[in-house]
Structures are given as structure tokens and as C-alpha cells.
Amino acid sequence: MLIGKIISISDIRVNIFRLEDVDVKIGDVLESKVGDKLYEFEVAEINNNEIICMALKLVIGLSKGVEVYKKSDGLEVEYSEKVLGRVFNAYGEPIDGKEVDSTQRKNINSKSLKLDEIDVNNEVLWTGIKVIDFFAPIAKGFKMGLLGGAGVGKTVVIKELINNIYKSRNSNAVFIGVGERSREGKELYDEMKESDLLDKISIVFGQMGDNPLSRYKAVSSGLTIAEYLRDERDQDVLLFIDNIYRYVQAKAEISTELKRVPVENGYPTTMANDVSTIEERINSTGNGSITSFQAIYIPADDITDEAVQTIIGHLDGQLVLDRKTAEKGLYPAINVFRTNSKLIDIEKIGERHYNLVEQVLKYLTRAEELEEIIAVLGVDELSQDDQNIFYRSRKIRNYFSQPMFVAENYTSIPGKFVDINDCLTDLEEIIKGTYDDMDESKLLYIGKINE
């Protein structure tokens with residue numbers, strides 16, 4: 001159906017003069033053809049006879065006066081088992097060099113679940129990774145922040161979570177790259193292939209060089225794939241978003257193009273609603289769940305930034321990967337003092353686990369204080385009680401290192417999946433002094449102690 005003609009073009013904005021009595025609404029996809037090249041735009045605003053659109057891709061070659069038609073379908077992504085092992089762009093098109101023999105497609109702007117469809121009584125999703133299960137247990141449907149820079153083992157943790165939860169629940173994962181480098185996407189694809197995890201994951205990539213609409217829509221496309229795995233295959237899906245802050249940033253660029261007045265720091269006035277729209281789609285039903293890990297970039301290390309605080313307000317916990325821990329050769333390099341979860345509650349994880357978390361954190365905090373004293377006076381000047389705390393804390397610290405299944409080729413150490421009850425028992429025994437005579441190095445990169 002003919003909609004009208006183009007009257008102005010910028011880098012990503014296209015203004016169209018609308019013919020009378022044509023049915024167009026915000027979110028519709030329009031298209032134009034110049035020679036053999038097809039251009040597509042999404043409707044962002046409608047002002048009387050003028051339609052303001054955002055271009056999906058480059059507008060080079062487009063000119064004023066070109067006729068615009070309405071596309072029969074909006075933005076759609078594959079909604080079948082053919083999504084696994086594949087890499088798509090933000091608009092559902094394959095970018096891994098292989099075609100998709102499509103069986104079913106679905107609009108990416110799906111509505112969130114109704115209130116009566118959401119299951120809030122979610123069971124704990126044990127990962128088999130000691131430091132995560134102990135300090136930041138995850139329930140199905142949880143939203144976890146994943147904080148950590150380059151080189152601290154973030155990708156290894158992501159791959160291990162995919163591997164362990166797939167083994168224990170036969171579930172798949174979706175990775176969404178938002179505003180990241182194409183090199184990082186290629187590395188992730190190659191690493192998943194080498195680890196035999198590629199057929200268990202679907203990747204959606206709106207990369208750094210793409211226009212803001214691509215980066216903005218990548219999250220919706222990835223969520224639609226995750227919803228397919230949850231709703232059609234009744235799975236507990238792992239969803240990784242790297243980086244959710246870039247989603248807000250992309251919307252800010254779009255708002256600037258639309259000449260909308262921003263709030264402080266240049267964020268759009270609709271930021272809270274935009275983030276809520278995404279976060280409310282990440283939920284559990286009676287048959288399946290979507291559990292998300294969302295990497296968050298913190299601008300200028302300012303955690304009070306409005307966008308960061310808006311995102312954190314939706315999270316149920318955070319995993320913080322720390323460079324100082326990585327430098328000690330302890331992986332996963334998780335900072336236990338900054339890592340937390342809403343499940344650390346005596347009514348949710350039980351008195352034994354809750355009290356043990358408090359006791360372990362107390363030991364580790366005291367050990368950090370003692371390290372400063374030891375650096376000046378030496379360990380022999382400490383009281384016997386402080387010496388016990390110091391040495392047992394070092395054993396606890398080493399115990400939380402763990403050999404990963406996905407790193408076996410590099411470490412030559414078989415991966416370990418540790419049951420939470422074994423983890424609690426081991427920590428109780430360390431604190432009691434059962435292993436005081438054991439060398440602390442014996443606790444590096446093991447599963448449970450009695451193995």
C-alpha cells in the first residue's frame with residue numbers, strides 16, 4: 001500500500017509526506033526501493049500529514065520524492081527451534097553466513113506477560129559454581145547484574161553458567177550484544193563452537209557500528225527468542241545482555257534525532273518506561289522461566305548515574321567480577337563483598353545457609369584487617385584466635401576457586417559441579433578447624449574437599 005513520499009533525510013531520520021486516509025501507526029515498518037536496494041524505516045512519530053521514521057540501516061542512495069510503501073509485517077524474528085546455534089542482527093536477519101529456512105516468525109514488540117501468567121514462587125536455580133550458589137543464589141526468573149571489566153573472566157563465567165544449567169535442566173541460552181564490538185561477537189561465537197555449546201545458544205547482535213535503532217531493537221529481538229524457548233519449549237532460559245546501559249544510550253540518540261527535550265545527562269524522558277518495558281518481559285511462568293544476567297557499564301565509575309540506578313532498581317542481585325581477585329589467580333574472580341542476591345534471606349535459603357554467609361563474610365572481613373597488621377608486625381604477633389581466623393580465611397578464599405568445565409582444555413583440570421549442601425558442609429568444617437592442619441594450597445581448584 002502506498003503511504004506517501006520522502007520529503008527529508010538525515011543520517012537515521014526520514015520524514016515522509018503522508019497521503020490522506022492511509023492507515024499508519026507508530027511501530028509500523030515502511031519500505032522504499034531504489035534500483036535493487038531496499039530501504040526500511042520504523043514509524044516513530046505521526047504529525048498530521050507528516051510521518052517521522054527511523055531508518056533501520058544506512059540511507060545512502062535514498063533521495064527526496066521516493067515513494068514509500070507499508071510493509072505487511074513489522075519487525076520480526078525467527079520463532080522456532082532454528083534459532084539455536086545461530087547469530088542474528090537486531091532485525092532477525094542471520095549474520096553468520098548461513099540462511100534460515102524459516103518456519104515461523106514473530107513480531108519483536110510482543111507484550112509482557114499478564115499478571116495471572118507470572119509465577120513468582122520460583123525455585124532456586126543452582127549453578128554448581130560454589131561462590132555464586134553460596135553468596136548470590138539465583139532463583140528462576142531473577143535479573144542479575146553482571147559487573148566486571150575486560151580480562152576478569154566474564155566470558156568464562158557466562159559459558160560455565162550455560163554449560164551447567166544446560167546439563168542440569170536441558171535448557172538453552174540467548175546472548176544479546178548491545179553496542180559491543182563485532183570482534184567480541186566473533187570471539188564469543190568461536191569460543192562457543194570450540195566448547196561444543198553453540199547448539200545450546202542463540203546470539204543476537206546490535207553492534208557498536210550499527211545505527212542506534214539497531215542497538216535499541218537488539219534487546220527486543222533477543223527477548224522474543226528467549227520467550228520462544230520459555231513458552232513453546234517450556235524451558236528455564238538463561239538470557240545474557242551485554243550491555244544493558246547501551247540500550248538506554250541508543251534510545252537517547254533516537255530521542256535526540258526526534259528533537260525531544262532530554263532530562264539531565266542527556267537521557268530521554270521515557271527512560272524509566274523504556275527500561276521497564278524490557279525488564280517486565282523477563283519473567284517466569286508455570287512452565288518455564290527467563291533468568292537474565294545483565295552487564296552494566298557504569299559511566300565515569302558513577303554508580304549514582306540516573307540510567308544505572310534505573311536499571312539497578314529492577315535487579316534481584318549482582319555478581320561483581322574483580323580484577324584484584326583475578327590478579328591473585330583465583331577464578332571465578334568474584335568480589336564476595338560486593339556480590340549479593342535477594343535470596344540471602346533466612347526464610348528463603350534457610351537458617352543454616354544464611355548464618356554461614358554471615359559467618360564467612362565476618363571471617364573474610366577480619367582477615368583483610370589482619371593483613372595490614374601482618375604486613376607491619378608479622379603473623380606471630382597475632383593472638384591465637386586471630387591466627388585461626390587469618391589462616392582459615394585463606395583456606396576459604398582458595399576453596400571458592402573452582403575448575404570450570406569450559407576451561408578444561410586450557411587448565412587440564414576436570415571441571416566440577418558442586419552441590420550447595422556439600423559446599424555448606426565444607427565451609428562449616430573449615431570454620432570449625434577440621435582442616436587446620438591441611439595446607440591451604442590443597443584447597444585451590446577443587447570441587448568438594450572430601451574428593
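Two residues are taken to be in contact when their heavy atoms lie within 4.5 Å. By this criterion, in the predicted model described here, I225 touches V77, E78, V83, F88, V174, S202 and V204, its neighbours within four places in sequence being left aside. I225 belongs to helix α4 and is buried, with a relative accessible area of 0%. Its separation from E31 is 194 residues in sequence and 25 Å in space, C-alpha to C-alpha.

Helix α4 comprises the 20 residues 212-231. A bend of about 30 degrees occurs in α4 at A218. Because 19 of its 20 residues are buried, the helix is largely enclosed by the rest of the structure.

Helix α5 was examined in the same manner. Its 14 residues, 244-257, should span 20 Å at 1.5 Å a residue, in agreement with the 21 Å that separates its end C-alpha atoms. The buried residues of α5 are I244, Y245, Y247, V248, A250, K251, A252, I254 and S255. At the start of the helix, the backbone nitrogen of Y245 has a side-chain oxygen of N243 within 3.1 Å. After α5 comes K259, with a positive phi near 60 degrees.

An open sheet of eight strands shows mixed pairing, in the order β8-β12-β11-β13-β14-β10-β15-β16. Its edges are formed by β8 (87-89) and β16 (340-341); each has a single partner strand, so one side of each is left without a neighbour in the sheet. The pairing of β8 with β12 (residues 201-206) is parallel and extends over three bridges. Within this pairing, N89 has F205 of β12 as its bridge partner.

Strand β14 (residues 289-295) of this sheet contains Q294. The relative accessible area of Q294 is 0%, and the residue is therefore buried. Its side chain makes a polar contact of 3.0 Å with that of S292. Apart from neighbours within four places in sequence, the residues in contact with Q294 are K143, M144, G145, L146, I241, I244, E279, I282, I311 and L315. One of these, I244, is among the buried residues of α5.

Further antiparallel pairing involves strand β3 (residues 29-34), which is joined to β4 (residues 37-47) over six bridges. In this pair S32 is bridged to Y39 of β4. The two strands form a hairpin with two residues between them, and G35 in the turn adopts a positive phi of about 65 degrees. Strand β3 also runs antiparallel to β6 (residues 67-70), to which two bridges join it. Here L30 has K70 of β6 as its bridge partner.

The cysteines were considered last. A disulfide is a covalent bond between the sulfur atoms of two cysteines. A search of the whole structure returned zero disulfides. C53 has a relative accessible area of 0% and is buried. C423, at 1% relative accessibility, likewise counts as buried, since the limit for that class is under 20% relative accessible area.

Key. Residues are numbered from 1 along each chain as its sequence is written. This is a predicted model: local features need pLDDT of at least 70, side-chain atom pairs count only at pLDDT 80 or more; totals for chains, interfaces and linings use all residues. Side-chain values use heavy atoms; hydrogens and water are left out. Helices (H or I, at least four residues) and strands (E, at least two) are DSSP runs, numbered from the N terminus. The expected span of a helix is 1.5 Å times one less than its number of residues. The bend at a residue is the angle between axes fitted to the seven residues ending there and the seven starting there. Buried means under 20% relative accessible area, exposed over 50%, partly exposed in between (1.4 Å probe, protein chains only). Two strands pair if DSSP finds at least two bridges between them. A disulfide is a pair of cysteine sulfur atoms within 2.5 Å. A polar contact is a pair of N or O atoms within 3.5 Å; within protein, one must be able to donate a hydrogen and the other to accept it, and residues adjacent in sequence count only if both atoms are side-chain atoms.
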